[in-house]
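Okay, everyone, thanks for coming. I've got one structure to show you today, so let me put it up on the screen.

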Amino acid sequence: MTTEKGEQLRQQLIAAVVKKRAAIARAHEIVVRLLEPGIPEPEFLSLLCEIGPPNYSDIVDEREINKLCGYPLCSTVLENVPKQKYSISAAKNKVYDITERKKFCSGYCFKASEYIKSQVPTSPLWLRDRETRPSFQLLPRNT
């Protein structure tokens, strides 16, 4: 009976590893898909529950490398990207690190992307089937 339980445990572990690898592979497919311009809004929102925050960061970074705005719903080509790391506001007497901001074509796209990123689930990808599917909200345009 002990070997039977051992075999059952082994099968469960194998199934768990297969499920984990499949979830990670699916997240990678989604990252690649969201690198393309012209993603329909409903498709974008439906894919978010299958990725984690690191995947979303990869999407933003890869889009910037490809000279596209980091926000997946924007197809604007990045041009005239500032070379400097900091921006100085004389009016507010502050220095801002613009490293992340440079990955976007506008302030709206930056804020909208951060808004989506804050909603991406942090739980392990392979355990998401046990959770209720979140409802993602886009940042309204007038913000």
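**Two serines and a helix pair**

Let's start with a local detail: a polar atom in the side chain of Ser-118 sits 2.7 Å from the backbone oxygen of Tyr-115. Keep in mind that this is a predicted model. Ser-118 belongs to helix α4, and with a relative accessible area of 59% it is exposed. Now look across to Pro-53: in sequence it's 65 residues away from Ser-118, yet C-alpha to C-alpha the two are 8.1 Å apart.

So how do the helices sit together? Helix α3, residues 53-65, packs against helix α4, residues 107-119, at an angle of about 160 degrees, and the axes are 9 Å apart. Anything over 145 degrees counts as roughly antiparallel, and therefore that's what we call α3 and α4. The crossing of α3 past α4 is right-handed. On the α3 side, the contact uses Pro-53, Tyr-56, Ser-57 and Val-60, while α4 brings Ser-113, Ile-116 and Lys-117. Sort those residues by type and you get four nonpolar, two polar and one charged.

Now the other serine. Is Ser-113 buried or exposed? Its relative accessibility is 1%, so Ser-113 is buried. Ser-113 is also part of helix α4, and its side chain makes a polar contact of 2.9 Å with the side chain of Tyr-56. If you skip neighbours within four places in sequence, Ser-113 touches Tyr-56, Val-60, Tyr-71 and Phe-104.

Okay, that's me done, over to you.

Definitions and conventions: Residues are numbered from 1 along each chain as its sequence is written. This is a predicted model: local features need pLDDT of at least 70, side-chain atom pairs count only at pLDDT 80 or more; totals for chains, interfaces and linings use all residues. Side-chain values use heavy atoms; hydrogens and water are left out. Axes are lines fitted to C-alpha atoms, for helices over the stretch in contact, and angles run from 0 to 180 degrees between N-to-C directions. Helices (H or I, at least four residues) and strands (E, at least two) are DSSP runs, numbered from the N terminus. Angles under 35 degrees count as roughly parallel, over 145 as roughly antiparallel, 65 to 115 as roughly perpendicular and the rest as oblique. A crossing is left-handed if the near helix is turned anticlockwise from the far one by less than a right angle, and right-handed if clockwise. Contact means heavy atoms within 4.5 Å. Ala, Val, Leu, Ile, Met, Phe, Trp, Tyr, Cys and Pro count as nonpolar, Asp, Glu, Lys and Arg as charged, and the others, Gly among them, as polar. Buried means under 20% relative accessible area, exposed over 50%, partly exposed in between (1.4 Å probe, protein chains only). A polar contact is a pair of N or O atoms within 3.5 Å; within protein, one must be able to donate a hydrogen and the other to accept it, and residues adjacent in sequence count only if both atoms are side-chain atoms.
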